[in-house]
Amino acid sequence: MLSFLGESPMKINLRESNASLISIFENPNQIITLDANFLIPPDRSRIIKRGFDFPLFKKVWLDPIFTTFSMVAIHEAVYDELVTENLCNYVEALKSEDPPKIIIHTDSSLTDVERTLRDSIENKIYPHTNYDPNLDNKDDRGEVKSLSYIAVKGLLYFAAHDNNALQLIEKADQWSTGLDNVKAIHMYELIYFLYSNNLGDKKSLKMLYKYQYYLTSHEKQTNPEWGEFIKAMSVLYN
């Protein structure tokens with residue numbers, strides 16, 4: 001039975017710190033694998049007309065992320081999801097840098113033993129998603145391929161803005177997904193990282209935060225407003 005069939009409100013956890021974010025503060029030069037929703041401009045136009053086109057998202061989010069972190073990666077399945085010309089050109093430019101500013105995980109780099117393990121993990125993951133390996137459909141394909149790859153390779157960090165992808169990690173034991181050693185990083189955590197290190201325009205980061213976490217009436221009841229968010233995060237990570 002599928003556990004995810006649509007968008008769920010993203011909740012911010014201010015009860016406890018994330019050891020993964022602490023580790024990134026201490027050493028930002030670690031491999032961080034991104035889900036597609038970290039690269040594609042968010043579209044909540046069904047809620048509000050104002051949104052993020054690619055130039056704005058690039059300025060507010062993508063440029064600070066790829067300037068700050070030297071080991072950002074995506075799986076080739078996510079790479080295949082990048083269909084807009086602006087985003088494709090942007091990623092191609094990152095690939096052509098010397099050294100490249102983005103790593104592309106490829107399944108062809110897996111050994112035979114790793115492929116067998118990857119298939120085993122995929123079989124544990126996909127029933128909790130909309131992906132069917134028999135159909136090889138696009139729904140949730142990127143996150144399933146990304147997570148199974150980094151689990152096999154022993155890579156730690158998967159960054160996403162998607163409840164289902166994050167729960168595959170955070171409920172690894174309960175759901176038996178095989179992702180016990182993978183660590184989740186939320187978008188709001190990297191928004192705070194950029195803000196607290198003066199690595200992005202603070203007004204723009206506030207705008208992105210509000211768009212992603214503080215837009216609907218339900219979100220405003222569930223999540224803190226920007227000032228409270230920064231204050232609480234500073235207590236957790238100072």
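Predicted model: local features only at pLDDT ≥ 70, side-chain atom pairs only at ≥ 80, totals over all residues.
Helices, which are H or I runs of at least four residues in DSSP, and strands, which are E runs of at least two, are numbered from the N terminus. With that convention, Asp140 is placed in the loop between α5 and α6 (141-153).

Residues are numbered from 1 along each chain as its sequence is written, and side-chain values use heavy atoms, with hydrogens and water left out.

Let me begin with the chain as a whole. It contains twelve helices and five strands. Its radius of gyration, taken over C-alpha atoms, is compared with a globule rule of 2.2 Å times the number of residues to the power 0.38. For 238 residues a compact globule would have a value near 18 Å, and the 17 Å of this chain agrees with that. Along the principal axes, the C-alpha atoms fill a box of roughly 50 × 45 × 35 Å.

How much of the chain is buried? Here buried means under 20% relative accessible area, exposed means over 50%, and partly exposed lies in between, with a 1.4 Å probe and protein chains only. Buried residues account for 47% of the 238 residues.

A contact means heavy atoms within 4.5 Å. Among contacts between residues at least 6 apart in sequence, 72% join residues at least 24 apart.

I turn now to the interior. A nonpolar core is a set of buried Ala, Val, Leu, Ile, Met, Phe, Trp, Tyr and Cys residues joined through side-chain atoms within 4.5 Å. The largest such core has 71 residues, and Trp61 and Phe66 have the most contacts inside it. Helix α9 (residues 187-196) supplies the largest share of this core, eight residues. Leaving aside residues up to four places away in sequence, Phe66 touches several residues, among them Leu34, Leu39, Tyr90 and Ile102.

Next, some details of the backbone. Asp98 and Pro99 are joined by a cis peptide bond, with omega about 0°. Pro99 is found in the loop between α4 (85-96) and β3.

Which residues other than glycine have a positive phi? Asp140 has a phi near 65°, and Ser176 has a phi of about 55°. Asp140 is buried, because its relative accessible area is 16%. Ser176, in the loop between α8 (172-175) and β5 (183-186), is partly exposed, because its relative accessible area is 48%.

Finally, two further positions. Not counting residues up to four places away in sequence, Ser108 touches Glu76 and Arg115. Ser108 and Ser148 are 40 residues apart along the chain, and their C-alpha atoms are separated by 14 Å.

Lys220 belongs to helix α11 (residues 217-222). With a relative accessible area of 46%, Lys220 is partly exposed. Lys220 touches Tyr214 and Leu215, again not counting residues up to four places away in sequence. From Lys220 to Phe57 the C-alpha distance is 23 Å, and the two are 163 residues apart in sequence.

Thank you for your attention.
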